[in-house]
Amino acid sequence: MVHHADCVAGMRERVGAGSVDVVVTSPPYNLGIAYKSYDDSGPREEYLRWIGQWADAVKETMAEKGSLFLNVGSVPRDPWVPFEVLGVMRERFALQNVLHWVKSIAISRDDAGDYPGIEGDVAVGHYKPINSKRFVNDCHEYVFHLTKHGDVELDRTAVGVPYQDKSNIARWASAGRDRRCRGNTWFIPYKTIKFRDKDRPHPATFPVKLPTMCIGLHGLGRCRLVMDPFLGLGHTALACVELGVDFVGFEIDPAYYAASCRALERAASAPRQGTLL
């Protein structure tokens, strides 16, 4: 279910208390981003009060063992936003994990050592380059994993990676199979697009793979309902279509809401492509 509505009122009117197992969302960052209808340039104090308002509504809907995966980015000229938002969240949630969404990374051959398959310098992913004598290019964003009490058990290997050294499978009793915890650095690049207005009309959205991995880390088998209060183009909803999980979301902008509905209609009629989990 996706709703064209303000998320604070929508959550309180349409979502039952304690009914949501996973929230994956990315609110506006208060950085002056050019959304179609939302003013992202208001006073920081007013913005943080609003963060508290929707955070309270999210907490009411979340199950006791639920997870909130909160994606917040910044820009080099204003790097405090994620931490100021986290300060508001600290009054309401426990910070259980800090995940780093890496959009682009460069690895030199010398630093890679004798890892198989790396034969030269590697640079992969996409980022928005900046021309500055003060700042470096910003190639990552935070995903804060917040829970009510900091005690939510996770399915760490659901989004894990194979062991490089296969002898670890037999050496470590906890290994069990060729799968280890990925850790808190997640390389998830954007897909290459030809036309921004057509292929990605929202100015600040995350790839579908990000909510897919968040849901998997929480535990797909313990996930009855997923929510995104800031639906945008519907990428969290699209992840839920692929995973076969119930979803509820809210979007206040009519153009983004319409775009998310079109994307969901296409996804619902398309054959499943398989999942990461």
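Trainee: Which residues make the contact of α8 with α9?

Mentor: From α8 come A237, L238 and V241, and they meet A263, L264, A267 and A268 in α9. Contact means heavy atoms within 4.5 Å. This is a predicted model, in which local features need pLDDT of at least 70, side-chain atom pairs count only at pLDDT 80 or more, and totals for chains, interfaces and linings use all residues. Residues are numbered from 1 along each chain as its sequence is written, and side-chain values use heavy atoms, with hydrogens and water left out.

Trainee: Why are α8 and α9 called roughly parallel?

Mentor: α8 and helix α9 (residues 254-269) pack at an angle of about 10 degrees, with axes 10 Å apart. Angles under 35 degrees count as roughly parallel, over 145 as roughly antiparallel, 65 to 115 as roughly perpendicular and the rest as oblique. The pair is therefore roughly parallel.

Trainee: What classes of residue are in the contact of α8 with α9?

Mentor: Seven are nonpolar, and there are no polar and no charged residues. Ala, Val, Leu, Ile, Met, Phe, Trp, Tyr, Cys and Pro count as nonpolar, Asp, Glu, Lys and Arg as charged, and the others, Gly among them, as polar.

Trainee: How do you know whether G216 is buried or exposed?

Mentor: G216 lies in helix α7. Buried means under 20% relative accessible area, exposed over 50%, and partly exposed in between (1.4 Å probe, protein chains only). G216 is at 1% relative accessibility, so it counts as buried. G216 and T157 are 59 residues apart in sequence, yet their C-alpha atoms are 8.9 Å apart.

Trainee: What label do N30 and P43 get?

Mentor: N30 is at 7% relative accessibility, so N30 counts as buried. P43 is at 47%, so P43 counts as partly exposed. N30 lies in the loop between β2 (20-25) and α2, and P43 lies in the loop between β2 and α2 too. They are 13 residues apart in sequence and 8.3 Å apart in space, C-alpha to C-alpha. Phi of N30 is near 60 degrees, a positive value in a residue other than glycine.

Trainee: What puts the buried residues of α3 on the same side?

Mentor: In helix α3 (residues 81-90), the buried residues are V81, P82, V85, L86, V88 and M89. They cover an arc of only 155 degrees around the axis, which puts them on the same side of α3. An α-helix has 3.6 residues a turn, so residues three or four places apart point the same way. The buried residues of α3 pack against α2 (44-61), β3 (62-72), β4 (94-102) and β7 (140-147).

Trainee: How much of the protein is made up of buried residues?

Mentor: Buried residues make up 44% of its 277 residues. The protein has nine helices and 10 strands.

Note on methods: Helices (H or I, at least four residues) and strands (E, at least two) are DSSP runs, numbered from the N terminus. The arc is that of the directions from the helix axis to the C-beta atoms. Axes are lines fitted to C-alpha atoms, for helices over the stretch in contact, and angles run from 0 to 180 degrees between N-to-C directions.
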